[in-house]
Amino acid sequence: KLASREFHKPDSAVYVGKVKIGAGSLAMIAGPCAVENYEVMDTVAKYVKAGGANILRGGAFKPRTSPYAFQGMGEDGLKILKDVGQKYDMPVVTEVMDPRQVDLVCRYTDMLQIGARNMQNFDLLKECGKANKPVLLKRGMSATVKDLLMSAEYILAEGNKDVVLVERGVRSFEDSTRNMLDMSAVPNVKGQSHLPIIVDPSHATGRPDLIPAMCRASVAAGADGVHVEVHNCPEKAMSDGPQALLPHQFLDLMGDLRRLATAM
Ligand code: PEP
Ligand code: MN
C-alpha cells in the first residue's frame, strides 16, 4: 500500500507552498471556521500570522448539519481567502465538498481540505488525487484509523503523493466535549504510515478551554502540527463560534507550543 511504512520507510514531508509539514516540521494551521467577509478574514489572519501560524484556513463551502445554517460564501469566499493569504504571505487551505468543485477551488487555494463528513466520498478522494495540490484529509467522526489510511490510499493511488492526515475526534458517549479526541491515532498512524498527521483540537473538543492542553499533548505525542480555529469575535461568528480561540489565547498557545517543540 502506498500509504504504508513498508512502502516508504522514512517520514514523508508535504509542502504547502514554501511551508514544510512533517519530517520534523510543524504545520500551524489557523483561521476562522468560515470565510465571512474580508474584514474578519484580514483581522484573524493578522493575529494568527503574528502568533506564528504558517498556514491560513477558512471555509468557503461549509458542510453544515442544518440546510438552513450559513453554507459559506462560495467563490467570493475563495477570492477573499486567497487575497488575504497573499497579503500576509501565508499559503491557504480550504474545504472542497464536491468533486465538481475541485477545479474551481484549486484556482484559489494552496491546499485542498477534505472534511470529516466526506472522508469516504470516494469520488471526491479520486478527484483530489488527480489535482495538483496537497490534500488535508480529516478523519471521519466514525472512521477507524484503518479507514482513514484507506481513504488516503484513494488519493495516493491517483498519483497525488501529498496527503496530510488530521485527527479531529470521533463520536462517543461523552457529551461534555463535541467529539472524543483520539490522541493515540497520532503514534498509531506513525507506526503504520509515512504520512504526516496533525491534530485539530477545535473540532475534536469544541471547547476553547480544552484546546491549548490538547495542542500541547499533540506536539508531545509526535503530531506534525495542529489545526486551530480563531475568531476575533466568536459570539458573532457565522459557524463554530463557541469553539474559536480569541487572538490573544492563540498567541499564548503558540508561545507554549514553540517552547515545547524546542524542549523536545
Ligand atoms: C472545518 O474544518 O471547519 C470542519 C468542518 O471540520 P470537520 O470536517 O473536521 O468537521
Ligand atoms: Mn469549523
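I am working with a predicted model, in which local features need pLDDT of at least 70 and side-chain atom pairs count only at pLDDT 80 or more, while totals for chains, interfaces and linings use all residues. Residues are numbered from 1 along each chain as its sequence is written, and chains are lettered from A and ligands numbered from 1 in the order in which they are written.

Fold. I looked up the secondary structure and found nine helices and 10 strands, taken as DSSP runs numbered from the N terminus (helices are H or I with at least four residues, strands E with at least two). The radius of gyration is 17 Å, close to the 18 Å that the globule rule gives for 264 residues, so the protein is as compact as a globular protein of that length; the radius is taken over C-alpha atoms, and the rule is 2.2 Å times the number of residues to the power 0.38.

I then turned to Ala 152, which touches Ala 3, Leu 137, Val 163, Leu 165 and Leu 195, leaving aside residues up to four places away in sequence; contact here is C-beta atoms, placed from the backbone, within 7 Å.

Ligand. Around ligand 1 I noted Cys 33, Gly 59, Pro 63, Gly 115, Ala 116, Arg 117, Lys 138, Arg 168 and His 203, each with its C-beta atom, placed from the backbone, within 6 Å of the ligand. Among contacts between residues at least 6 apart in sequence, I read that 65% join residues at least 24 apart, and the C-alpha trace spans about 45 × 45 × 40 Å along its principal axes.

Definitions and conventions:
Contact = placed C-beta atoms within 7 Å.
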